[in-house]
Amino acid sequence: MGIPKVLNIWNTHQFWVGFLRELGLQPQNIVFSSDTSEDQGRTFGKGRGTVDCCYPVKCMSGHYGELLFGQKKKIDVLLSPMIHCMPSFLKGHVVDTMTCTRVMASPESIKAGFLKERDLFAENGVMYTSPFVSLSQPKLVVEQLYESLHEALDLDMAETERAVKAGYRALEQIEGKLRAHSREILQWCAQQNKPCVLVLARPYHMDTGIGHEIEAELQAAGFPVLWGQYFPLDEDLLEWLFGQEVRAGRIDHPLDISDVWVSSYSSNTNEILWCAKAAARCPWITCVLRLSSYECGMDQPTYTPTQKIVEATGTLFFKFGDLDATKPAGGIRIRTETILHYMSKYSEEIIARKRTYLPPDGPLTLAVQSPAPPPRAPAQGESMASVQGVSGGPGA
Ligand code: SF4
């Protein structure tokens, strides 16, 4: 089973692994494509583009082609789900948790590039399957996956249901683990009174070819890095950061974003807005790094709100927009040096000021009694994927 490691696979991969493992596939038979690279696109995707689109969607052709033609391991099925909505932590506090329409439709348009001359799936003995899945509605997911996969995988409804449950369990486990890890980082920062960086981006910016590992430069300089998607959601922390505003009636719940974002339909966009709010409040996050890809229509309306939210408490905000294939190493180095300069110069002052906005003795300073070494975050040259447990390229 080959799965292109693209778009919202980055935050749902454990669902697919858990689902397929429960159906009896061995881990070595679940193959993800490699991280995006120019070489991957040139070798396996060239001439197969069918849409003029944002950069992360354009890159998908290379991932499809790598799984089809470049396998270290022969695949029988290429699984590229059309993900319609997400099991977001904001569900119930927002209007909806849908994916970007380009994310949803991209498997169909990318597939077309491999059919336009002749059917390259059939030619390579690969069955292509692209189930439409509403991941925020587990009951519907059972039916959707049964309908689209029962022939390919010889499934019955009961085993599909068991596998879907296993998929959600696996997803919850990895998210729980990563949030706990983020909390350890924040606790370490709180106890040492040291600053850290929060990355405000879409899940696929963890792909080293899409996000260009910009945050790794800051990590290498000694500033721990958190990804917004995995911000800790423990009640004591949320109460400390947002409790005063809930009691003042400004928001209904710590996860409420209606004060800053009313049309909250898009899952990743909602999460970006909430994470901007959390970063603005958390004292030890003294810098927010905003990443956005070339031609991203979904991000455009969020640029100003996120910047204003973050800067409202004096937190540093740096945006790398229109990221595409080129990694302007020199340009990135100059900008990260600027970020490092500002962080080194102003973090102490930012932490002290942000602490005055919150009740004293928050849970992060109380929880840790003895100094611990800084928890592990992705190091330079190591993608978030390896920390998350996404397997690597074909055959990995
Ligand atoms: S969110 Fe933006 S970059 Fe991502 S798929 Fe949608 S339009 Fe493209």
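A crossing of two helices is called left-handed if the near helix is turned anticlockwise from the far one by less than a right angle, and right-handed if the turn is clockwise. Keep that in mind for this predicted model, and begin by selecting helix H12 (residues 267–281) and helix H13 (residues 303–311), which pack at an angle of about 15° with their axes 8 Å apart. Since angles under 35 degrees count as roughly parallel, H12 is described as roughly parallel to H13, and the crossing of H12 and H13 is right-handed.

Show the side chains next. On H12 the contact is made by Ile 272, Leu 273, Ala 276, Lys 277, Ala 279 and Ala 280, and on H13 by Pro 305, Thr 306, Ile 309 and Val 310; by class, these comprise 8 nonpolar, 1 polar and 1 charged residues.

Now select strand S9 (residues 285–293) and strand S10 (residues 316–323), which pair in the parallel sense over 6 bridges, with Val 288 having Phe 317 in S10 as its bridge partner.

Widen the view to the open sheet of 4 strands, whose order is S8-S7-S9-S10 with parallel pairing. Its edge strands, S8 (225–227) and S10, each pair on one side only, and neighbouring strands are turned by 20° against each other on average, direction ignored.

Technical notes: Residues numbered from 1 in each chain as written. Predicted model: local features only at pLDDT ≥ 70, side-chain atom pairs only at ≥ 80, totals over all residues. Pairing = 2+ DSSP bridges. Helix = DSSP H or I, 4+ residues; strand = E, 2+ residues; numbered from the N terminus. Axes fitted to C-alpha atoms, helices over the stretch in contact; angles between N-to-C directions. Parallel < 35°, antiparallel > 145°, perpendicular 65-115°, else oblique. Contact = placed C-beta atoms within 7 Å. Nonpolar A, V, L, I, M, F, W, Y, C, P; charged D, E, K, R; others polar.
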